[in-house]
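Welcome, and thanks for taking a look at this one. Please have the sequence and the model open side by side as you read the notes below.

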Amino acid sequence: MPDPWKRRLFSILSFVLLTFLFVSLDLVPSLAKAESAHLVTDVDGRTAMNASQGLSTNGSPFSTVVSSKEALLQGYGVEKRDTPYTGDTFYKGDGYVSFFYDYDSNSGKSDGTATFKINVPTAGLYRLSLGYYIPAGTGSKDTSIEVNGTMTENITLAAPPKGTSVNEKMITKIMLNAGTNELTFSRGWGYYGIEYVKVEFANLPAAISKIEAEEGAITGEVNIEATDTGYSGTGYAAIKGTGSLTLAYNAASSGLYNLAIGYSSPTGDKKTHLVVNGQTSEISLPATASYTEVAGGKLMLNSGNNTIQFNVDSDRYHIDYVKLSAVSLPKLHQIEKKPVNPNATAETKALMSYLVDSYGSHILSGQHTLEDAQWIEDHTGKYPAILSTDMMDYSPSRVEHGATSTEVEKAIQWAKEGGIVTFAWHWNAPKGLHDIPGKEWWRGFYTDATTFDVQYALNHPESEEYQLILRDIDAIAAQLKRLQDAHVPVLWRPLHEAEGKWFWWGAQGPESAKQLYRIMYDRLTHYHHLNNLIWVWNSESPDWYPGDDVVDIVSVDIYNQAANYNPSIGKYDSLVNLVQDKKLVGLSENGPIGDPELLQAYSAHWLFFTTWTGDFVRNGQYNSLDHLIKVFNSDYVITRDELPQDLFTSSKNEAE
């Protein structure tokens, strides 16, 4: 060993022996007590708190106070004072940040702010209290708070008790990051001063099932209110525009948890974006004037501290509480292999049987348009198992304008090459096309591009409108017959996204959409004897569901934010509950593709995904190329080359 290393080793051993001696003699009490205070020391010698404990060095809940003397001031009018406001005789404090001024918009400066830097040992939910000064007899005042650059809320500072001019009040809860945070105050209304800010770790709820909304941190146009009736606890979060509600939960162990949301939504169906530990998903909140509960799917939680955040763009609804419970082992799906059409062709029965066998153990890959399916193969080395295409240009009102299509030929060739085929139908309205700029004839499937009234047509079977509906269905039947003659079974998804009402077939509400679907089923199955169809319904809403007797697969379309590869477990569970786990569940349109590992971890047993066309697959933002390569080469994801070669012909794939 070289001499320098010998000297270094001797120095280290000497330091260790001396430290041991000092500690044993209680000459370094802070070191002697470090273990009981749950402290760890990093490589630079800095002492940090165990992140799983909101504790100070003496083991009590963490708390810190920052005085006005440490505040950073910017802008017009704001200053530090230690004398009372003119005419006040009660103030005896040590000083405050003064907001005793009227803003001059001609000053060339922004309105004044005071920023307090707060250091906390661990990220989480904290209680924020203010020590403030309001001259006696002048009433309450308002202040505004930003936390780390994000507007949190406007706060009313209640008038101090009679005969005094200072008060301390816990005004809100805030989410803080580990380390340094900035709390910035700006004058809302009235004259007042801030003496200090106090931040205390908010004890997380134990691993209990229910967290009230009023226990959370709010931002933007979200308020805690208590004017309704029927809510639980002491209030609810009234969401009135852009903002957020953040709740903290202390999970006993890491794993999957069921989520339920107590809410009311008196102004109609709403959607909220739920962010759990950084992962975003969308939750549907059906309309309800009274407070009720809806399943929110499953969450993957960490052991200990977790954050659950509702993010809102503009909708109005109330969040009352959330309930969490550990997920038990999933039950095996009990789904019949028989299509709803008892006269289904042998190929259709074989495909249905294969789909049921795959469900829960793998996910089938799918892609809209043959051109994008080819792009997938060019860049990942794999073709998707499912080609999704459209009967759109076979619609008679499009043909009348010169539209042509070769999608049936493409589908037949895809099936010959071993793939599965699914068709949607962007059904151009039978008549009443506006055909004006912005509402051209080729946009005739949109509600705003036609005057066609589906409810009138269904209510008047003798009308021209009703007969045109049958004419159009018959035209599509001719194309589906070509596929049947070629022995190609089809996952048939008509009237998609009806509940959105942006397509004319959903514009008049659920009853007309369900009636139209059942007319189509009857016409294609019993009149045209099309037995090569596996019927796919496309909605998660119970109000829109046409019935078990005419549906083989339920599905939904989900477009998460770019590069958000979450498993969309909330939507999946919603569909499973819709059909009581008696039907297959598919993802019929998507932007970002769920990460295969997350799909398995969450038991999000989507039968298939079907990525939409163009930028959703090609631009690298919604799905990065690395992600696509990972997905299409995952053992969990079935690609076309992995489908059985005798998929449509082998008797082993037919239902018994």
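Helices H6 and H8 pass each other in a right-handed crossing, where right-handed means that the near helix is turned clockwise from the far one by less than a right angle, and left-handed anticlockwise. This is a predicted model, in which local features need pLDDT of at least 70 and side-chain atom pairs count only at pLDDT 80 or more, while totals for chains, interfaces and linings use all residues. Residues are numbered from 1 along each chain as its sequence is written, and side-chain values use heavy atoms, with hydrogens and water left out.

**The chain as a whole**

- The protein chain holds 13 helices and 32 strands; these are DSSP runs (helices H or I, at least four residues; strands E, at least two), numbered from the N terminus.
- Of its 656 residues, 51% count as buried (buried is under 20% relative accessible area, exposed over 50%, partly exposed in between, with a 1.4 Å probe and protein chains only).
- Among contacts in the protein chain with a separation of 6 or more, 72% join residues 24 or more positions apart; a contact means heavy atoms within 4.5 Å.

**H6 with H8**

- The axes of H6 and H8 come within 10 Å and cross at roughly 20 degrees. Axes here are lines fitted to C-alpha atoms, for helices over the stretch in contact, and angles run from 0 to 180 degrees between N-to-C directions.
- That angle makes H6 roughly parallel to H8 (under 35 degrees is roughly parallel, over 145 roughly antiparallel, 65 to 115 roughly perpendicular, and the rest oblique).
- On the H6 side, Val408, Glu409, Ala411 and Ile412 meet Gln479, Arg482 and Leu483 of H8.
- By class, this contact of H6 with H8 has four nonpolar, one polar and two charged residues. Ala, Val, Leu, Ile, Met, Phe, Trp, Tyr, Cys and Pro count as nonpolar, Asp, Glu, Lys and Arg as charged, and the others, Gly among them, as polar.

**H8 with H9**

- Helix H8 (residues 464-485) also packs with helix H9 (residues 510-527), at an angle of about 50 degrees and with their axes 10 Å apart.
- H8 and H9 are therefore oblique to each other, and H8 passes H9 in a right-handed crossing.
- From H8, Tyr466, Ile469, Leu470, Ile473, Asp474, Ala477 and Leu480 meet Leu516, Ile519, Met520, Arg523 and Leu524 in H9.
- The residues of this contact of H8 with H9 are ten nonpolar, no polar and two charged.

- In H6, the buried residues are Glu407, Val408, Ala411, Ile412, Trp414 and Ala415.
- These cover an arc of only 160 degrees around the axis, which puts them on the same side of H6; the arc is that of the directions from the helix axis to the C-beta atoms.
- Their packing partners are H4, S25, strand S26 (420-424) and H8.
- In helix H4 (residues 370-380), Asp372, Ala373, Trp375, Ile376 and Thr380 are buried.
- Seen down the axis of H4, its buried residues fall within an arc of 155 degrees, so they line one face of the helix.
- The buried residues of H4 pack against strand S24 (366-368), strand S25 (386-390), helix H6 (407-416), helix H12 (615-618) and helix H13 (625-632).

**Positive phi values**

- Most residues other than glycine have a negative phi.
- Thr369 is not a glycine, yet its phi is positive, near 75 degrees. Thr369 sits in the loop between S24 and H4 and, at 23% relative accessibility, counts as partly exposed.
- Ser603 is not a glycine either, and has a positive phi of about 55 degrees. Ser603 belongs to the loop between helix H11 (596-601) and strand S31 (609-611), and is buried, with a relative accessible area of 15%.

- Tyr354 is in helix H3 (residues 346-358) and is buried, with a relative accessible area of 10%.
- Between Tyr354 and Leu643 there are 289 residues in sequence and 9.5 Å in space, C-alpha to C-alpha.
- Leu625 lies in helix H13 and counts as partly exposed, at 37% relative accessibility.
- Leu625 and Thr380 are 245 residues apart in sequence and 8.2 Å apart in space, C-alpha to C-alpha.
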